[in-house]
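I am opening my notebook on a structure that is new to me. Come along and look things up with me.

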Amino acid sequence: TACISAISFGTSLGWPMSQSNVPKESCPEQTWAWSLIPLGCSVGLSFSFYMVKTLGPKKTMLIDTPFYMLSYIGVAKGTVLCNFFIGICSIVYFTNAENLLVNAVHRTNLKYALIIFRTSRMVGFLIAYLVRNAYGNFLLAMTCLAIPLANALLLLFLPESPRFLYDKSENQCRESIQWYQGPENVYTTLLLIRADYEESKNTFTYMFLSKSIMKAILVIVILNFFRVCSGYHVHIIYRLPYYEKSVIVFSIFADNLIFAINLIVSNFFGNCFHIFFNFRIRRSLLISSTLTSIALMMQAFHMLFLHRKYRNALFLKNSYVQVILENMLVVAYEVGYSICADLLVYDYVPRQLHRVAKLVIYSLHWLCVCVVTKYFIILYACELHYIPYFVLGIASLIGTMYCYYCIIEPKGKNLAQLQMELGGNPVGSRGNRKHILFYLNSNV
């Protein structure tokens, strides 16, 4: 069910691609409509944070399902505001499924489950691209409706999250663990849940407001801004270049199929690389940001030569250049940006503050996605399509310098050392578990 939820989240983010025309520069309402789903994701994280604590992940997903389906019905009927509610419902669905997965799967199998879970999002994009291009918007809407409905039917047969049940009754928690992991793992898993419960009982406001924590969160928020400036979200959500007939290689269907397969493969191997091999995070970010900058600047020059005032026969003849550059951007992003910013949360922030820190960081992340995609679309709606690529390319170059000068390599350092290097007094602890055993929040 967690993977089905991730697929549903991917189809939701791929939904704006079903628009038939690029918004006009003179229609700001239409450009806002294209950015409402990321804005809904930003707002929806607060709902998810509250609901998972009060209702539990399973009940939250069941309650969310009818609203999720109604949002798609509204969009299919032309109600633009429903894009915002799709964003809210999809992120609530996704984060609660992730929470249920992490608390239900045994810790020895969790890293494999997380890799499959994160890759399933990209399968959702594949479905959105192919169904829309092959069968049209109506069938895509029906597909997006059917996925959460099927998942809700499966959820009816599953127990609630063991971690949530522990707050209610330890006996119910034991039964849930036994159902998910078998009787032989009840004792060890219960010890971990009990330790997590003891940590979460106390409030850590003083810790959150400490100088080292505020600096750590600020460093990651700024990194996420440059991550969004890579243009990755613009390409996977809106597929804007393919409104230009001159950049289509085989067909829109075939080009989107190639792009979606590259998304899945790159995301899978990127996750495997960082989870199984403890590669240096700062080095990965430098490689990723540098390659992203190169890809964006090359795309900018390609669009420049495609412009009617700078028509170049070589570029018009070799339209495969755009496909190569787009897929290069995806690979560059997955090398480091995709997961390293998430891992920094677990290295820079104490275990006691992970949930609150992730709420702040990822809410701002999706807000950045909303703003960057909106203004990218406005610039792209002009005749000079190369301008937004130049803007993002310059921003990515600045991001490379930021990674070089501002990101502190966490490998081989404990939390106290990192916090002192960030410029504050050490507070909190990492706990006994590695960051792979904590759920890695989404988005894209």
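Here are my entries, from the whole chain down to one residue.

**Ground rules.** I am reading a predicted model, where local features need pLDDT of at least 70, side-chain atom pairs count only at pLDDT 80 or more, and totals for chains, interfaces and linings use all residues. Residues are numbered from 1 along each chain as its sequence is written, and side-chain values use heavy atoms, leaving out hydrogens and water.

**Whole chain.** I looked up the helices and strands (DSSP runs: H or I of at least four residues for helices, E of at least two for strands, numbered from the N terminus). The chain has 20 helices and zero strands. Of its 444 residues, 58% are buried, meaning under 20% relative accessible area with a 1.4 Å probe, protein chains only.

**Helix α1.** How many of the 13 residues of α1 are buried? I found 11, so this helix is largely enclosed by the rest of the structure. Among them are I7, F9 and L13.

**Cores.** Of its 109 residues, L223, L263, L285, Y348 and I407 touch the most other members. Helix α4 (residues 82–104) gives this core its largest share, 13 residues.

**I407.** Which residues is I407 in contact with, leaving aside neighbours within four places in sequence? With contact meaning heavy atoms within 4.5 Å, I noted V219, L223, R282, L285, L344, Y348 and Y402. A second, separate core of seven residues includes Y166, C173, I177 and I193.

Note on methods:
Buried means under 20% relative accessible area, exposed over 50%, partly exposed in between (1.4 Å probe, protein chains only). A nonpolar core is a set of buried Ala, Val, Leu, Ile, Met, Phe, Trp, Tyr and Cys residues joined through side-chain atoms within 4.5 Å.
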